[in-house]
Amino acid sequence: MSSIKRKATGQIAGSDPKKPKQNASITSFFGAPKATSTSAAQGFMSSPASSAAEAAAPKFDKAKWVASLTDEQRELLKLEIDTLDESWLAQLKGEIVTREFLDLKRFLDREAGAGKKIFPPREDIYSWSRHTPFHNVKVVVIGQDPYHNHNQAHGLAFSVRPPTSAPPSLKNMYTCLKNDYPSFVPPPNRGGLLTPWAKRGVLLLNTCLTVRAHEANSHANRGWERFTQKVIDLVAARRTRGVVFMAWGSPAGKRVQKIDGKRHLVLRAVHPSPLSASRGFFDCGHFKKANEWLVTRYGEAGEIDWSLGP
């Protein structure tokens, strides 16, 4: 797969004088990767304290934890037990037994019992956790409500499965990415599947994880916001080598207010929605800025390959 990564050259974003050659690959445009010589990056990456902090988590005994639950908890949390990636379950096991989360699950059961159509499908609600295990997270893209029409939401913010075409906000993200990396090519057939990003360490997290069909924000303020804030806070607290948070729009911006800007990079912009994208999203440079910063923390191997083409 071709790579859409920026070399660690010390140039500021947008200053690379290279122009893509006709029919040249993205890899040939940006050149072969080379080891970073940034002393700050070397110093951070070699820090035993930061590495030890992430490696110190005790082994999670899932079977023992499940056995400790009450019968009602096991029934209410069956979806989490079965489909939440174990790396995340180990981090969130305390949160999902709180009164607030169990009340959320009771609400969702009532919705299902009343015959309400819910998106995404149950098995996809936690797909973000399986595509991006906790220890792989390097970038967090904060979404809002899941898509609420058929064949759209599948558990990753902004993403849609084929044959659904990329929605307007995602098309605007492609435009922004093209501005950062001129050789970027959107997926074929106007697609919008972002699982390649998720598998490379980009956590695509909506702040509300379910929605009633054709009723935007119908599951807002029922408990998902507290849960997903816990996800964000855990990443900020325990991914100590540093993570890039992309917060687009004021609701997302509120989610990252308490994040330590010395440990992590927080990138804010207007939302990519057609209603606001023209007010600064297209030239925010977030995709390139993320890679430039990740190089200082992880070296060249830490860059995100943003390509989505065939």
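The model is predicted: local features need pLDDT of at least 70, side-chain atom pairs count only at pLDDT 80 or more, and totals for chains, interfaces and linings use all residues. Residues are numbered from 1 along the chain as its sequence is written, and side-chain values use heavy atoms, without hydrogens or water.

**Overall make-up**
- The chain holds 14 helices and six strands (DSSP runs: H or I of at least four residues for helices, E of at least two for strands, numbered from the N terminus).
- Of its 310 residues, 53% are buried (under 20% relative accessible area, 1.4 Å probe, protein chains only).
- Take the contacts (heavy atoms within 4.5 Å) between residues at least 6 apart in sequence: 73% of them join residues at least 24 apart.

**Nonpolar core**
- The largest nonpolar core has 85 residues, and W128 and W306 touch the most other members.
- Such a core is a set of buried Ala, Val, Leu, Ile, Met, Phe, Trp, Tyr and Cys residues joined through side-chain atoms within 4.5 Å.
- Beyond its neighbours within four places in sequence, W128 contacts residues including L84, W88, L92, F227 and V231.

**Annotated site**
- UniProt, in an unreviewed entry, gives D145 the feature "active site"; such annotations may be inferred rather than shown by experiment.
- D145 sits in the loop between strand 2 (139-142) and helix 10 (168-180).
- Setting aside neighbours within four places in sequence, D145 contacts N206, C208, T210, V211, A216 and N217.
- A polar atom of the D145 side chain lies 2.7 Å from the backbone nitrogen of N217.

Terms used. Buried means under 20% relative accessible area, exposed over 50%, partly exposed in between (1.4 Å probe, protein chains only). A polar contact is a pair of N or O atoms within 3.5 Å; within protein, one must be able to donate a hydrogen and the other to accept it, and residues adjacent in sequence count only if both atoms are side-chain atoms.
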